[in-house]
Amino acid sequence: MEANSRVWKLIARKISGELDRMETEELDRLLAADPELAAKVLAMQQATVSTSGAIPADRKEQMLQHILHQQQPAEIPPTPVRKLHQRWYWAAAIFLGLIVAGSLYFFQSQQRVNWSIVQAKPGTRSNVVLPDGTTVTLNAGSELAYPTDFMNSNRQVKLTGEGYFQVAKNADRPFIIHTATVDVKVLGTVFNLRAYPNESKTETALISGAVEVTIHRQKDNKILLKPGEKVEVDNQLTTVTTTRSGTPATATAATHTKPDIRIGPLVKDPVDQQVQETAWLEYKLIFREETFEQLAAQIERAYNVKIIFQDDAIKMASFSGKVKDESVTELLNILQATKHFNYKTVAGQIIIY
Amino acid sequence: MDVSLLIPRIVNSDEQAFRQFFHLYSDRLFRFANTILQVPQEAEEVVSDVFFNIWQRRENLGAVKNINTYLYSAVRNTALNYLKKRNPLASAATIEEIDTPQELTVISPDKQLISKENLEAIARVINNLPPACRMIFKLVKEDGLKYQEAADILQLSINTVNVQMGIALKKISQQIKIGQYIDL
């Protein structure tokens, strides 16, 4: 028992980087007699543990403004700063939904790029702070991958789903976000990138700074966005053109030789001037002339529910509106006010009929 | 980023340096405060209070011997004061009395290397460590603090820190399945 606790004290010191030379020799001798333990020690030494859970970037800016100047943020925040207590409420809400994501990384060799993955599962949010200080708020059902060795490699990440990025400025090292349809290159800026695989388009909405969007199918066509602008790139057509070599192109695909690209201003709420593209940060669900089917995909992500249509006609019904802080039932009741449909909950699934 | 280079600039009222300093520590300190308080809103307030005081008395920052110990201790004390405010009748709260189960989701960057179940088992062990043990483990392994720093912050002996780290690692190692997933 005495010997056992001695081993573990030494192992703990080794893993914590507290071991001196004499102790190193002692531990090496002990581990030489127990290869399995030696392997475990190596694995634990190479593993990094991290609990995610961070202060939202806009709250940090608020804190800094308060501490340094005791005034409101100078930069345009994603949300209006009218009521402080309301913002606290949202800060708390974000954390309730936040998955406390921790990760243990086991690396095998130094040559390969090891990717660390942070997920926001359906019904949750996740806040990520990258080693360079860049912060990303991940919307429900999204995933961000970054090299484990982020600081010593290029600033490159992969996004599936939707993220609100506040990229730390570093002119020498551009920050590149890869998605299935586009790559977005930035130097230091705030923007929203929406790239859900089950949606028809990839949307890059710029709040401040500058970004350069490259479409995979047209590498030489670089779109520069100005603050307050967004670009939508059609995912479906990109996919069609990509796969055309192997399969015969359909009639609709043949009429398009390149992805549909739309550049336009951000959409603002006529009442409170809030930017709609980033309204999800406040748990607002916004839909503009979307089919029920498209809307259902959003609801499934945001509430972690499964929606099944038993009536194909209602799938195509179009909805426009904005809801905030409603339960799924409340939301469905609101939708029922504009279009006729029924729903029931069976075995945790919502059936629309 | 080397903190020791930022400190003299902060003492000279360099706001940019203070901002870097804030971003370097705010999330770590937030997580530490949240382990004690379990209320993110309060944990944010604690972090804000601590940095507010540092900026107000920035001319004293140059005299701080160990910035890690200084910051974490300030957060610890402020957080314990919040706990006392919450329940004024409770006797002086200490770190050991805090029981704060935390959910941890574990993601493997390389699914071939170690199975998801195995990583989840490891995370479960970490989450189920006794509060003081888990706090020590996280300060040392996650935040990279020295034994002496963790001991000073939690007001424990350095030997206690060593013993608790040993306990934590022994439990974790029992969950690691060597040969099955890890090719060494």
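**Reading strands, a sheet and a cavity**

Author: Let's start with a pair of strands: E4 (residues 126–129) and E5 (residues 135–138) of chain A are paired antiparallel through four bridges. This is a predicted model, in which local features need pLDDT of at least 70, side-chain atom pairs count only at pLDDT 80 or more, and totals for chains, interfaces and linings use all residues. Residues are numbered from 1 along each chain as written, chains are lettered from A and ligands numbered from 1 in the order written, and side-chain values use heavy atoms, without hydrogens and water.

Reader: Happy to begin there! What holds strands together, and when do two strands pair?

Author: In general, strands of a sheet pair through backbone hydrogen bonds, either parallel or antiparallel. Two strands pair here if DSSP finds at least two bridges between them; strands (E, at least two residues) and helices (H or I, at least four) are DSSP runs, numbered from the N terminus. In our example, A:Asn127 has A:Thr137 in E5(A) as its bridge partner. The hairpin of E4(A) and E5(A) has five residues between the strands, and A:Gly133 takes a positive phi near 100 degrees there.

Reader: Which strands pair with E8 of chain A?

Author: Strand E7 (residues 155–166) of chain A runs parallel to E8 (residues 175–178), with four bridges joining them, and A:Val157 stands opposite A:Ile177. E8(A) also pairs with E9 (residues 182–186) of chain A, antiparallel and over four bridges. There, A:His178 has A:Asp183 as its bridge partner, and the hairpin of E8(A) and E9(A) has three residues between the strands.

Reader: What is the strand order in the open sheet of three strands?

Author: The order is E17-E20-E19 in chain A, with mixed pairing. E17 (306–309) and E19 (343–346) of chain A are at the edges with a single partner strand each, so one side of each has no neighbour in the sheet. From one strand to the next, the twist averages 25 degrees; axes are lines fitted to C-alpha atoms (for helices, over the stretch in contact), and angles run from 0 to 180 degrees between N-to-C directions. E17(A) and E20 (residues 349–352) of chain A run parallel, joined by four bridges, and A:Phe309 faces A:Ile352 across that pair.

Reader: Which helices pack on this sheet?

Author: Helix H8 (residues 292–303) of chain A touches E17 and E20 of chain A, at about 160 degrees to the direction of E17(A). Helix H10 (residues 328–338) of chain A touches E19 and E20 of chain A, at about 155 degrees to the direction of E19(A). Contact means heavy atoms within 4.5 Å.

Reader: And which domains give residues to the lining of the largest cavity?

Author: Domain 1 (3–93) and domain 2 (99–173) of chain B both do, so the largest cavity lies between them; the domain bounds come from an automatic or database domain assignment. A:Thr51 is also among the lining residues.

Notes
On a 1 Å grid over the protein atoms alone, a cavity is a set of points where a 1.4 Å probe fits but cannot get out, and a pocket is an open set with protein on both sides within 12 Å along at least five of seven lines; lining residues have an atom within 4 Å of a point.
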